Amino acid sequence: MKKLSTLILLLVSINTFASDRVTLFTHHELNDSDSISGVGISGIIGAHHGNFKSEVVTSLNSVTVLDTDGYQNDYLGLDLGLRFGYFNDVFLYVEGGIDMFEAIFEHEEDEPIFHSNNYYDSNTIDGYAALGAGIQAGNLRIEGFVKARHIDADYWEADKTIFYGMKLSLAF
């Protein structure tokens, strides 16, 4: 219960700490075999007069990935990321983040399980690094990005790591 309360406070705090604008967004990212679609919220942190700022980003995602054995895996993810960049009408950023569901609800297995005669027990917290750019026109924001993602579970690992995508945001 303590972990869930911390998560809720974190999501609510984005609006509290955002010094500039808060955006609601939808995004879609993909590669040859995988897709990630989600909705989220972000908030710019930094001085109103400067263009070099940070942005806290969180999104609830529906994830579909193929593992190294060729099986499709579907799950929900909750990304939490931090961006650093130049934010103006045209913006550029670098971003890093983790899957908060794995960070909060990570569990340890008591007994090893074998899958396809290959033992894989290396479930680290999923993370990503991204480069992105976009334009802001009033309350509308459109951006493109490339992400390198590490995705795995207790007994499988995603086959591909590079995703590219688009994001549409409305700012308030």
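## Legends to close-up views of a predicted model

**Overview of the whole chain.** The structure holds 9 salt bridges, a salt bridge being a side-chain nitrogen of Lys or Arg within 4 Å of a carboxyl oxygen of Asp or Glu. The model is predicted, and local features therefore need pLDDT of at least 70 and side-chain atom pairs count only at pLDDT 80 or more, whereas totals for chains, interfaces and linings use all residues. Residues are numbered from 1 along each chain as its sequence is written, and side-chain values use heavy atoms, with hydrogens and water left out. The secondary structure of the protein chain comes to 2 helices and 8 strands, where helices (H or I, at least four residues) and strands (E, at least two) are DSSP runs numbered from the N terminus. Along the sequence these elements follow the pattern α-β-β-β-β-β-α-β-β-β. Of the 172 residues in the protein chain, 41% are buried; buried means under 20% relative accessible area, exposed means over 50%, and partly exposed lies in between (1.4 Å probe, protein chains only). Among contacts (heavy atoms within 4.5 Å) with a separation of 6 or more, 60% join residues 24 or more positions apart.

The side chains of glutamate 55 and arginine 141 meet in a salt bridge with an N to O distance of 2.9 Å. This pair links distant parts of the chain, glutamate 55 lying in strand S3 (residues 52-66) and arginine 141 in strand S7, 86 residues apart. Both glutamate 55 and arginine 141 are buried. Glu55 and Arg141 also belong to a network of salt bridges that links them with Arg83, Glu95 and Glu143.

Aspartate 79 and arginine 149 form a salt bridge in which the closest N and O atoms are 2.7 Å apart. Because aspartate 79 lies in strand S4 (residues 72-86) and arginine 149 in strand S7, the pair ties together parts that are 70 residues apart in sequence. Aspartate 79 has a relative accessible area of 6% and is therefore buried, and arginine 149, at 7%, likewise counts as buried.

**Salt bridge between aspartate 159 and lysine 160.** The closest N and O atoms of lysine 160 and aspartate 159 are 3.5 Å apart in this salt bridge. Lysine 160 is partly exposed, its relative accessible area being 28%, and aspartate 159, with 44%, also counts as partly exposed.

A search of the whole structure finds 5 aromatic pairs. The rings of phenylalanine 87 and phenylalanine 91 have centres 5.9 Å apart and planes at 20°, so this pair is stacked. Phenylalanine 91 and tyrosine 93 form another stacked aromatic pair, with 6.4 Å from centre to centre and 20° between the planes. Here, rings of Phe, Tyr and Trp (its six-membered ring) pair if their centres lie within 6.5 Å, and planes under 30 degrees apart count as stacked, over 60 as edge-to-face and the rest as tilted. Phe87, Phe91 and Tyr93 form one aromatic cluster, in which phenylalanine 87 is buried at 9% relative accessibility, phenylalanine 91 at 1% and tyrosine 93 at 4%.

**Lysine charges over aromatic rings.** The charged end of lysine 147 sits over the ring of tyrosine 128, at 4.5 Å from its centre, while the charged end of lysine 167 sits over the ring of phenylalanine 25, at 3.8 Å from its centre. A charge sits over a ring if NZ of Lys or CZ of Arg is within 6 Å of the ring centre and within 35 degrees of the ring normal.

**Nonpolar patch on the surface.** Leu24, Val90, Ile135, Leu140, Ile142, Met166, Leu168, Leu170 and Phe172 form a nonpolar patch with about 860 Å² of accessible area together. Patches are made of residues with over 30% relative accessible area and no salt bridge, like charges being joined within 9 Å and nonpolar side chains (Val, Leu, Ile, Met, Phe, Trp, Tyr) within 5 Å. Strand S7 (140-150) and strand S8 (162-171) each supply at least two residues of this patch, and S8 gives the most, with 3 residues. Leucine 140 lies in strand S7 and counts as partly exposed at 36% relative accessibility. The accessible surface of the protein chain comes to about 9,600 Å², of which 63% belongs to carbon and sulfur atoms; accessible areas come from the Shrake-Rupley method with a 1.4 Å probe, and for residues only the protein chains shown count as cover.
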